[in-house]
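Me: I should like to learn how to read the features of a protein model. May we go through one together?

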Number of protein chains: 2
Amino acid sequence: MLSTTSRTTLGREKQRGSTDRTDLYEVLDTGLFCHLGVVVDGYPMVVPTGYGRIGETLYLHGSTGARSLRAGDGTEVCVTVTHVDGIVLARSVFHHSVNYRSAIVYGRARLVTDEEERLAGLRALTEQLAPGQWDHARPPSRKELAATAVLALSLEEASVKIRRGGPSDEPEDYALPVWAGVLPLETSWGAPLPDPVLPEGIDVPVHISGRR
Amino acid sequence: MLSTTSRTTLGREKQRGSTDRTDLYEVLDTGLFCHLGVVVDGYPMVVPTGYGRIGETLYLHGSTGARSLRAGDGTEVCVTVTHVDGIVLARSVFHHSVNYRSAIVYGRARLVTDEEERLAGLRALTEQLAPGQWDHARPPSRKELAATAVLALSLEEASVKIRRGGPSDEPEDYALPVWAGVLPLETSWGAPLPDPVLPEGIDVPVHISGRR
């Protein structure tokens, strides 16, 4: 049913590594949470946490007491950001797959001590989760800043994997009467839910209600 | 503005650990991808991958040549599954947060060699990503099975963290004229996209088109 050429074409759409830094930035900049991996007492530990990017640096933060961040200071970490875009339904069980975009960053995390960089990193972190809020909400106090650890991670050692497109089945399976394709997974922002104790008359800002 | 009691109530809604195994199962069973953490040459490595659950066991799989899975065989792994449910918009930058549900499983992965358990594990993995497809698509061949490594991980050592509800602001900040609440993040399945080379007359099965 399929010529060699169209199989080759499907093959190129399969899970692939990308060396394009634009892809790296896109995967990172459109994410909300990363998974931070550290080694604690010889064991792997993977925790979900926020992050932000400025140029070639990722910023992570947490309580100064957090175990994962203490382990991360000056030691090797791995930060992974993954978007799941759809489920790839093949004619055979074996060729089922997932369309996803994933960035993996390896490196030695650096505890940020310079106050200006700490503020810039926290701003990037806040804006990643909630664009427009850094200038909208009350700025951090000296006490709040002191309670927050900020880590920096260079994007020097990073890889991106992207899988797009339909299934890549075995040649003989294309004759099977089995539906094949992609079931897309879509994410969207719901209607903002006001804090129950919010006073009357405070409207939802456009940067929240209009978020895309 | 807020009494101590209502602050206590908000406090209880904050990020919290759960020891309820029902919560653990719910977080795992509604996920698509996990993040698998392993230690390779002393460094942490975090990769997104599929998984499935049968009772008190998680199953992972991959190519028999995959570096992350080779490292996982018999060694300590960490498997984390995270759902992001919304962004918590507070009156202060510092109290911004994320509503999420996360499960972290620690343990020594076991390479599954028993053929019956391997098949059961692969079935759980497939059904997690694509419910109904194990019995619908062509079953794995002997050769395909041989190319697939299946790992088992006990759920004995697992933790669940769930954050729900609105922001928990500083008492004095409740007087600020700043909108506060939650911006929900919603995920949904899009319309199934048929493989471009799918012949006419093969309808989308209900277990795919009706997926919730």
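Me: Is B:Arg118 buried or exposed?

Reply: This is a predicted model, and the values are computed from it. A residue counts as buried when its relative accessible area is under 20%. B:Arg118 has a relative accessible area of 8%, so B:Arg118 is buried.

Me: Which residues does B:Arg118 touch, leaving aside those up to four places away in sequence?

Reply: B:Arg118 touches B:Val112, B:Thr113, B:Leu145, B:Ala146, B:Thr148, B:Ala149 and B:Val150. B:Arg118 itself lies in helix α4 of chain B.

Me: Which other residues of α4(B) are buried?

Reply: Besides B:Arg118, the buried residues of this helix are B:Glu117, B:Gly121, B:Leu122, B:Ala124, B:Leu125, B:Thr126, B:Gln128 and B:Leu129.

Me: How may the length of helix α4 of chain B be checked at 1.5 Å a residue?

Reply: The expected span is 1.5 Å times one less than the number of residues. Helix α4 of chain B has 15 residues, 115-129, and should therefore span 21 Å; its end C-alpha atoms are 21 Å apart, which agrees.

Me: What is found at the start of α4(B)?

Reply: There, a side-chain oxygen of B:Asp114 comes within 3.2 Å of the backbone nitrogen of B:Glu116.

Me: How should I read a strand, and how many residues of strand β9 of chain B are buried?

Reply: In a regular strand, side chains alternate between the two faces of the sheet. In strand β9 of chain B (residues 148-154), six of the seven residues are buried, so this strand is largely enclosed by the rest of the structure. Strand β8 of chain B (residues 110-111) runs antiparallel to β9(B), and two bridges join them. In one of the pairings, B:Leu111 has B:Leu151 in β9(B) as its bridge partner.

Me: How many disulfides are there over all chains?

Reply: Two cysteine sulfur atoms must lie within 2.5 Å to count as a disulfide. The count over all chains is zero. A:Cys34, for example, is in no disulfide, and the nearest cysteine sulfur, that of A:Cys78, is 9.7 Å away. A:Cys34 has 0% relative accessibility and therefore counts as buried.

Me: What rotation superposes chain B on chain A?

Reply: A rotation of 180°, with 0.0 Å of shift along its axis, superposes chain B on chain A with an RMSD of 0.0 Å. The two copies are thus related as by a two-fold rotation axis. In chain B, the C-alpha nearest this axis belongs to B:Thr187, 2.1 Å from it.

Me: Through which surface do the copies meet?

Reply: Of the interface residues of chain B, 100% are also interface residues in chain A, so the copies meet through the same surface.

Technical notes:
Residues numbered from 1 in each chain as written. Chains lettered and ligands numbered in written order. Predicted model: local features only at pLDDT ≥ 70, side-chain atom pairs only at ≥ 80, totals over all residues. Heavy atoms only, no water. Buried < 20%, exposed > 50% of the residue type's maximum accessible area, 1.4 Å probe, protein only. Helix = DSSP H or I, 4+ residues; strand = E, 2+ residues; numbered from the N terminus. Pairing = 2+ DSSP bridges. Polar contact = N/O pair within 3.5 Å; in protein donor to acceptor, adjacent residues only side chain to side chain. Least-squares fit on C-alpha atoms with pLDDT ≥ 70 in both. Contact = heavy atoms within 4.5 Å.
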